[in-house]
Amino acid sequence: MTRTIVASATREIVIGFDQPFCVIGERINPTGRKKLAAEMMEGNFDTVIKDALEQVAAGATMLDVNAGVTSVNPNETEPGLLVKTMEIVQGLVDVPLSIDSSVTAAIEAALKVAKGRPLINSVTGEEEKLEAILPLCAKYNVPVVAISNDESGISQDPDVRFAVAKKIVERAADYGIKPCDIVVDPLVMPIGAVGSAGLQVFALVRRLREELKVNTTCGLSNISFGLPHRHGINAGFIPMVIGAGMTSAIMNPCRPQEMEAVRAANVLNGTDENCYNWIKTYRDYKPAEGGAAAPAPAAASAGGGRRGGRAARVGAGAATE
C-alpha cells in the first residue's frame, strides 16, 4: 500500500489510500490576496498567524506555505521571506507543512529550517524543474508534488497528462526517490470552461492509483473557477474525487460545507473508523434557524495521524481574500 510520510517536529501524518483524506490548508498564500501580500512585504505576519491558527482549528491536516509576494526579483526576495514565514508557522502549529514556491532557492532555504519532513510543492515535467527540484528531494529525503504539465503547457488530453506524471515518477527513480514520495497533481480544469473536467480527473486519478501507485492531490477550488456559488460545486466534487481515489487536496478548510463533505467521505470510505471523528465533530451539531446548515465547531483534523514517531502515525488553487 502506497504511503507518503510527512511530519512536523511533533506530528507524523500518512497520506495513503487507506487513510483519511489529507486536507492541505491553502490560505497562507499571497497569490490573489493583495492585502496579505502587502502585509508580508512590510514584515507584518498578523494575517499569516491568524490563517495558520484558524485552518488548523478548522481541521487542516497540513498547511501549505507560500511567500510569493512579487514577481520582481523573486530569487532575491522570496527565500528570506519564505524562511521567516515557515519559522513563524512552525512556532504556532504542530501540523506538517508544504513548502510552496516556484523559486528553487526559496525551496532549499525553507528546507534548511523545516522541522520534520515537509512536502515540496512542486515539480513539473519540465527538464529545468526536474533537474532543480528532484536533487533537493533526494538530498533532504522529502516527498514532492508532481504537477502533470511540461514545456508544452497543460494538455487538454488526460492521456498526455498521465504520460507527464509517469515521466516524473520515472525520473525521480533515477535519484532514488520512490513512488510513495511522489504526490501527483493531475491538474483539475474549471468545469465551467471544460465540461468534461470532472470526468477527466476521476479517470486520471484512478489510473494514477492503479498504474503508477502514487498518491494524488489538486488545487480543489480550480474545479469551480468562474461559477457562482463555488463552495457548492467544491462540496459536490470532494466526495466524488475521493471516491475515485484522490488522497489529498490543497483547499480552504475554513469552509464548513467543504469540510463536512471531506468528513462524510471519510466515514463512507471507511477511513474514519467507527465514525469517531464525525461523532467528535458533530455530536452537538444543530441546524441553523430555517433549516440552513450551521457551521461545524472547531474540530479534530480531517486527516489521520497521531503525535510522535513514524510508528505512531500547483497546482494549488490560489487562496482568495
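Why are Trp278 and Tyr282 separated by about one helical turn? I began with this and found that they are four residues apart in helix H10 (residues 276-282), so about one helical turn lies between them. Helices here (H or I, at least four residues) and strands (E, at least two) are DSSP runs, numbered from the N terminus.

Before going on I noted that this is a predicted model, in which local features need pLDDT of at least 70 and side-chain atom pairs count only at pLDDT 80 or more, while totals for chains, interfaces and linings use all residues. Residues are numbered from 1 along each chain as its sequence is written, and side-chain values use heavy atoms, with hydrogens and water left out.

**Entry: aromatic rings**

I searched the whole structure for aromatic pairs and found three.

I then looked up accessibility, where buried means under 20% relative accessible area, exposed over 50%, and partly exposed in between (1.4 Å probe, protein chains only). Trp278 is partly exposed at 29% relative accessibility, whereas Tyr282 is buried at 10%. Tyr282 also pairs with Tyr285 in an edge-to-face manner, with 6.0 Å from centre to centre and 85° between the planes. Tyr285 is partly exposed, with 29% relative accessibility. I therefore recorded Trp278, Tyr282 and Tyr285 as a cluster linked by ring pairs.

**Entry: charges over rings**

I next looked for charges over rings, the criterion being that NZ of Lys or CZ of Arg is within 6 Å of the ring centre and within 35 degrees of the ring normal. The charged end of Arg207 sits over the ring of Phe162, 3.7 Å from its centre. I also listed Arg209, which lies over the face of Phe17 at 4.4 Å from the ring centre.

**Entry: helices H6 and H7**

Arg207 and Phe162 came up again when I turned to the contact between H6 and H7. Helix H7 (residues 197-212) has 16 residues and reaches 21 Å from its first C-alpha to its last, close to the 22 Å expected at 1.5 Å a residue; the expected span is 1.5 Å times one less than the number of residues. Among the buried residues of H7 I noted Val201, Phe202, Leu204, Val205 and Leu208. The buried residues of H7 pack against helix H6 (158-174), strand E8 (182-185), strand E9 (215-216) and H8, contact being defined as heavy atoms within 4.5 Å.

What angle do H6 and H7 make as they pack? I read about 30°, with the axes 10 Å apart; the axes are lines fitted to C-alpha atoms, for helices over the stretch in contact, and angles run from 0 to 180 degrees between N-to-C directions. The contact includes Phe162, Ala165 and Val169 of H6 and Leu204, Arg207 and Leu208 of H7.

After H7 comes Lys213, in the loop between H7 and E9, and its phi is near 60°, a positive value in a residue other than glycine.

**Entry: helix H9**

Helix H9 (residues 256-269) has 14 residues, and I noted a reach of 20 Å from its first C-alpha to its last, close to the 20 Å expected at 1.5 Å a residue. Its buried residues, including Met259, Val262 and Asn266, pack against strand E3 (22-28), helix H2 (46-58), helix H8 (230-244), strand E10 (248-251) and H10. Just after H9, Gly270 takes a positive phi of about 85°.

**Entry: single residues**

Asn141 has a positive phi near 55°, lies in the loop between helix H5 (127-140) and strand E7 (144-147), and is partly exposed with a relative accessible area of 48%.

I looked up Asn29 in the loop between E3 and helix H1 (34-41) and found it buried, with a relative accessible area of 4%. Asn29 and Asp100 are 71 residues apart in sequence and 8.6 Å apart in space, C-alpha to C-alpha.

Technical notes: Phe/Tyr/Trp six-rings, centres within 6.5 Å; stacked < 30°, edge-to-face > 60°.
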